[in-house]
Amino acid sequence: MKHLPASESDTFRNSTIGAEVVPEEDTKLAVQDEEQEEEDCPDINISITNVVCSCAVRCQIDLRDLALRGANVEFRKESGMVTMKLRNPSTTASIWASGKITVTGANSEEASRVAARKVARCLQKLQYRVRFCRFRIVNVLGTCSLPFAIRLTAFAERFRDCCSYEPEIHPGATYRLDHYQATVKIFSTGSLTITAPSVSFVQQAVEYVYPLVHEYQCPKDSNPTNLAKKRKLLESQKAAGEASSARLASASTNCFLSSTKRPLLDSGLVGRTRGLSEDDEEGGWSDCGNEEDFLM
């Protein structure tokens, strides 16, 4: 068998497999680029705090009968509905007489669907002809915290077309994403509150907003809002300390004066104090003379 040189055998092997020979330097550069991208885009944990869903059971509900026979229910006559609370998943359902049900408090879309079906099953056990239908996710609320603070005034001026910022009314800027049907509340501390019709839209909204706010980042310690809050806190603590020290000083002075001179106000006799005399160890009256002698 004829042996090929090392270079020829490598070329033959690569051509047979169909792979391309990549130099080591290019591989190292690609790895460095990937690491740089991971550093530029850190992992951000999005917490889903509330999922609102709605469904229908296609039958009329007697709210008074449901309030009398149901478990964990409350009849709100002024609102025309009955609220039912579930323990697992921890949710609250609002039931109307028309058969419409709204479930709030779930932390995922699947948990919201499970809660809605549990409510329908409870109605079925109460002899209602339930047909579960028209389930949909109405609203999803998510929150996340960025690893940096945001210069919110400059950000709002740059994106004034789709961002509204009124610091006198609300401390956060409202950024609207029409193509995701999402609304993002951006705070100077780096916190984001996202409202969207689905969990996937919440994630896409965060991925869209992150590069925009990244340009206006600043360290959290140098955030003007945080510095102002710390300054006010220090000033209030200093004022409280000075007030407490002044109260202690005045209290100690009053205590000393009351212990040294205690005139008898109800007798009308100036110069008489009540205390121990030299003659009587059990206490009695001792004459201090006139007013000048008493004040001395």
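Guide: Two strands count as paired if DSSP finds at least two bridges between them. E4 and E5 have 4 bridges, in the antiparallel sense. Note that the model is predicted.

Visitor: What makes E4 and E5 a hairpin, and which residue in the turn has a positive phi?

Guide: The two strands form a hairpin with 3 residues between them, and Gly-99 in the turn has a positive phi of about 100 degrees. Within the pairing, Ile-95 stands opposite Ile-101 in E5.

Visitor: How do you know that E1 and E5 pair?

Guide: The cut-off is at least two bridges, and E1 and E5 have 5, again in the antiparallel sense. Here Val-51 stands opposite Ala-106 in E5.

Visitor: What does the chain hold in total, in helices and strands?

Guide: There are 8 helices and 14 strands. The chain has 296 residues, and buried ones make up 27% of them. Among contacts between residues at least 6 apart in sequence, 58% join residues at least 24 apart.

Visitor: Why is the end-to-end distance of helix H4 said to agree with its number of residues?

Guide: H4 covers residues 109-125, which is 17 residues.

Visitor: Which residues of H4 are buried, and what covers them?

Guide: The buried residues of H4 are Ala-111, Ser-112, Ala-115, Ala-116, Val-119, Ala-120 and Leu-123. An α-helix has 3.6 residues a turn, so residues three or four places apart point the same way. The cover over the buried residues of H4 includes helix H3 and strands E1, E3, E4, E5 and E6. Just after H4, Gln-127 takes a positive phi of about 70 degrees.

Visitor: Why is Ser-54 called buried?

Guide: Buried means under 20% relative accessible area. Ser-54 has 10% relative accessibility, so Ser-54 counts as buried. Ser-54 is in strand E1. Leaving aside residues up to four places away in sequence, Ser-54 touches Ile-101, Thr-102, Arg-134, Phe-135, Arg-136 and Val-138.

Visitor: Why is Phe-75 called partly exposed?

Guide: Phe-75 has 34% relative accessibility, so the term applies. Phe-75 is in strand E2. Not counting residues up to four places away in sequence, Phe-75 touches Leu-63, Ala-67, Met-81 and Val-82. Phe-75 and Asp-65 are 10 residues apart in sequence, and their C-alpha atoms are 9.9 Å apart.

Visitor: How do you know that Cys-59 is in no disulfide?

Guide: A disulfide needs two cysteine sulfur atoms within 2.5 Å. For Cys-59, the nearest cysteine sulfur is that of Cys-133, 9.6 Å away. Cys-59 has 14% relative accessibility and therefore counts as buried, whereas Cys-122, at 31%, counts as partly exposed.

Visitor: How many aromatic pairs are there, and what makes the pair of Phe-148 and Tyr-210 tilted?

Guide: The structure holds 8 aromatic pairs. In the pair of Phe-148 and Tyr-210, the ring centres are 6.1 Å apart and the planes are at 55 degrees. Phe-148 lies in the loop between E6 and E7 and Tyr-210 in helix H6, so the pair ties together parts that are 62 residues apart in sequence. Phe-148 counts as buried at 5% relative accessibility, and Tyr-210 counts as buried at 10%.

Visitor: Why is the pair of Phe-155 and Tyr-216 called edge-to-face?

Guide: Edge-to-face requires planes over 60 degrees apart. The planes of Phe-155 and Tyr-216 are at 80 degrees, with ring centres 5.9 Å apart, so the pair is edge-to-face. Phe-155 is in helix H5 and Tyr-216 in the loop between H6 and E12, 61 residues apart. Phe-155 is buried, with a relative accessible area of 0%, and Tyr-216 counts as buried at 12% relative accessibility. Phe-155 and Tyr-216 form one aromatic cluster with Phe-159 and Tyr-175.

Notes. Residues are numbered from 1 along each chain as its sequence is written. This is a predicted model: local features need pLDDT of at least 70, side-chain atom pairs count only at pLDDT 80 or more; totals for chains, interfaces and linings use all residues. Side-chain values use heavy atoms; hydrogens and water are left out. Buried means under 20% relative accessible area, exposed over 50%, partly exposed in between (1.4 Å probe, protein chains only). Contact means heavy atoms within 4.5 Å. The expected span of a helix is 1.5 Å times one less than its number of residues. Rings of Phe, Tyr and Trp (its six-membered ring) pair if their centres lie within 6.5 Å; planes under 30 degrees apart count as stacked, over 60 as edge-to-face and the rest as tilted.
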